[in-house]
Structure formats: C-alpha cells, structure tokens
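Please look through the structure below and keep the sequence beside it as you read. The paragraphs that follow take one part at a time.

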Amino acid sequence: MKSNVENFRPKLRPGKVTPYASNIVFEVEEPYNSIVLPMFLADMILLCSGKFSVREIIEKVYQKQGFVPFKAILSGLYQLHRGGFFENGNELGFESHLFSWIQPSRRRWHIG
C-alpha cells in the first residue's frame, strides 16, 4: 500500500554527503549515483533514516532552522524518490496534485 507524503518514513540508501559550495552532494555506491541539493536541505538528508515521518522531519527542521522551505523539501523528496535514493521508495505515492508544486512554473507575459 502506498503511503502519502506526510506519513512516509524516508530511508536513504547508504551513501555519503559532501558539501560543495552552497550545495550538498549525496552519493550512493550501488548503483553509483549522485544528486546535488541545496545546503539548507542537509538537515532533511540527515534525518532520512527511516525513523521519522516527513511530518516529524519538518518539525525537527523548523525547531532547528526556525523556518521550513516546504517547496524545497517536497522537491528534494521528489528528486530523491525519482532518482532511486530511497531504500523504501516503493512505499511512497506522490499524488498528482503535488506535481504542480514540484514543476517549475513558466510565467508567460502577454502584452495586449
């Protein structure tokens, strides 16, 4: 049964986190793959151990940072899921209405 995003307990595959400028690089060895995420998602990455739900991770990020970049967290979870970085990624179901938040918006200006 698929879990909704709020109750999903993300568990990352074993790998290493490396700071790179204003980003972090998360690398796994099998299959060799890496992803670059903004530095402010480092706390989220460290909490993706399977012990905490996404809701609990957001609470802990808020307690530490004083703000929660919801769109960035949702986008980061989606990118990690799509890249196969979660051991339990098959449990996560992304609802179709969430894709509008994840996809970059294209604003079109019309001069009339």
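Predicted model: local features only at pLDDT ≥ 70, side-chain atom pairs only at ≥ 80, totals over all residues.

Helices here are DSSP runs of H or I with at least four residues, strands are runs of E with at least two, and both are numbered from the N terminus. The buried residues in question are Val54, Ile57, Ile58 and Val61, where buried means under 20% relative accessible area, exposed over 50%, and partly exposed in between, with a 1.4 Å probe and protein chains only. Because these four cover an arc of only 100° around the axis, they sit on the same side of H2; the arc is taken from the directions that lead from the helix axis to the C-beta atoms. Just after H2 comes Gly66, which takes a positive phi of about 85°.

Residues are numbered from 1 along each chain as its sequence is written, and side-chain values use heavy atoms, with hydrogens and water left out. Local features need pLDDT of at least 70 and side-chain atom pairs count only at pLDDT 80 or more, whereas totals for chains, interfaces and linings use all residues.

The largest nonpolar core has 26 residues, and those with the most contacts inside it are Leu12, Met44, Ile45 and Leu80. Such a core is a set of buried Ala, Val, Leu, Ile, Met, Phe, Trp, Tyr and Cys residues joined through side-chain atoms within 4.5 Å. Strand S2, strand S3 (33-38) and the helices H1, H2 and H3 each supply at least two residues of this core. If neighbours within four places in sequence are left aside, Leu12 is in contact (heavy atoms within 4.5 Å) with Phe26, Ile45, Cys48, Leu80, Phe85, Phe86 and Glu87.

In the loop between H1 and H2 lies Ser53, which counts as buried because its relative accessibility is 7%. Ser53 is 43 residues from Pro10 in sequence, yet their C-alpha atoms are 6.9 Å apart in space. Again leaving aside neighbours within four places in sequence, Ser53 is in contact with Glu6, Asn7, Phe8 and Arg9.

Strand S1 (residues 15-20) is hardly covered, since the count of buried residues among its six residues is zero. S1 runs antiparallel to S2 (residues 23-28), and six bridges join the two; strands pair if DSSP finds at least two bridges between them. Thr18, for example, has Val25 in S2 as its bridge partner. Two residues lie between the strands of this hairpin, where Ala21 takes a positive phi near 55°.
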